[in-house]
Amino acid sequence: MEREMLKTIPDRDMVDELMVSTFAQRRREIVGDEPLLREIRNRWPALLQERQIRAEFERVTAQELLPSFLDGLDALVPRLLELYKSSSKSGRCRSLGAILTSLEKDNTNERKRTAVLLGLPLYLKEDSSNVFRLCDAHYDHLDEALKGMELGLLIAYEEEQDAVPHQVFDVAVVVEESIVIHHEKSVACGVAMLMGIIIML
């Protein structure tokens, strides 16, 4: 597997077979030894690719990652938005107001998902920058943006910033101040991949 992953274009079918056949050994090592991310990258180089994150999640939970996450999120969106509205109106959490206002301009399903996810740390009175960091798509100081981020998403936006970005350019999943995967198409997909990595590791 290590040799195959050194190739410019690895044989996906071969890597898939190797990942299936080494599953029990990998679980023993990851669960038993609790290695750092860089050790996992060296030992299991295919594991931190989107395709393998999805496959490993399915091996661990017997469910597909994206459909199960997005279906569960969609079921919660209306109730969470109502909670955010009442919390904002009561003055308990005024910072949610900007997120709700941004939905007045554009309330597509994808923006509602993003609003709910970005609002959750605020509703729970947590520092959202520990989980979500927004930066300009042409941000030059990537190391600075990743500094202190143990587990979360780096969301690159284009055009002017709003509480919920209008144009998400890239969503990167960050673990231990290092980008694990990027080019996720939405914040919701990025959070799904983050959940997959958490379950996997």
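A nonpolar core is a set of buried Ala, Val, Leu, Ile, Met, Phe, Trp, Tyr and Cys residues joined through side-chain atoms within 4.5 Å. The legends below refer to a predicted model.

**Figure 1. The largest nonpolar core of the predicted model has 50 residues.** Tyr84, Leu117 and Leu153 are the residues with the most contacts inside this core. Not counting residues up to four places away in sequence, Tyr84 touches Leu96, Leu100, Ala115, Val116, Gly119, Leu120 and Tyr123. A second, separate core has nine residues, among them Cys135, Ala145, Ala172 and Val174. In soluble globular proteins, nonpolar side chains tend to be buried together.

**Figure 2. Thr114 sits in helix α8.** The helix covers residues 109–123. Thr114 has a relative accessible area of 5%; the cut-off for buried is under 20%, so Thr114 counts as buried. Leaving aside residues up to four places away in sequence, Thr114 touches Val164 and Val187.

**Figure 3. A salt bridge joins Arg51 and Asp16.** The closest N and O atoms of the two side chains are 2.5 Å apart. Arg51 belongs to helix α5 (residues 50–61) and Asp16 to helix α2 (residues 12–21), so the bridge ties together parts that are 35 residues apart in sequence. Arg51 is partly exposed, at 35% relative accessibility. Asp16 is also partly exposed, and its relative accessible area is 22%.

**Figure 4. Arg26, Glu56 and Arg59 are linked in a network of salt bridges.** Within this group, the closest N and O atoms of Glu56 and Arg59 are 2.8 Å apart. Both Glu56 and Arg59 lie in helix α5, where three residues, or about one turn of the helix, separate them. Arg59 is partly exposed, at 24%.

**Figure 5. Asp106 and Arg111 meet through their side chains in a salt bridge.** The N to O distance is 3.5 Å. Asp106 counts as partly exposed, at 26% relative accessibility, whereas Arg111 is buried, with a relative accessible area of 5%. A search of the whole structure finds nine salt bridges, and the pair of Asp106 and Arg111 is one of those found in the model.

**Figure 6. The whole protein, shown for orientation, has ten helices and four strands.** From the N terminus on, the elements run α-α-α-α-α-α-α-α-β-α-β-β-β-α. The C-alpha atoms fill a box of roughly 55 × 40 × 30 Å along the principal axes. A compact globule of 201 residues would have a radius of gyration near 17 Å, and the protein, at 18 Å, agrees with this. Of the 201 residues, 42% are buried. Among contacts with a separation of 6 or more, 52% are between residues 24 or more positions apart. The protein exposes about 11,400 Å², and carbon and sulfur atoms supply 50% of this area.

Key: Residues numbered from 1 in each chain as written. Predicted model: local features only at pLDDT ≥ 70, side-chain atom pairs only at ≥ 80, totals over all residues. Heavy atoms only, no water. Helix = DSSP H or I, 4+ residues; strand = E, 2+ residues; numbered from the N terminus. Buried < 20%, exposed > 50% of the residue type's maximum accessible area, 1.4 Å probe, protein only. Contact = heavy atoms within 4.5 Å. Salt bridge = Lys/Arg side-chain N within 4 Å of Asp/Glu carboxyl O. Rg over C-alpha atoms; globule rule 2.2 N^0.38 Å. Areas by Shrake-Rupley, 256 points an atom, 1.4 Å probe, with all protein chains shown as cover.
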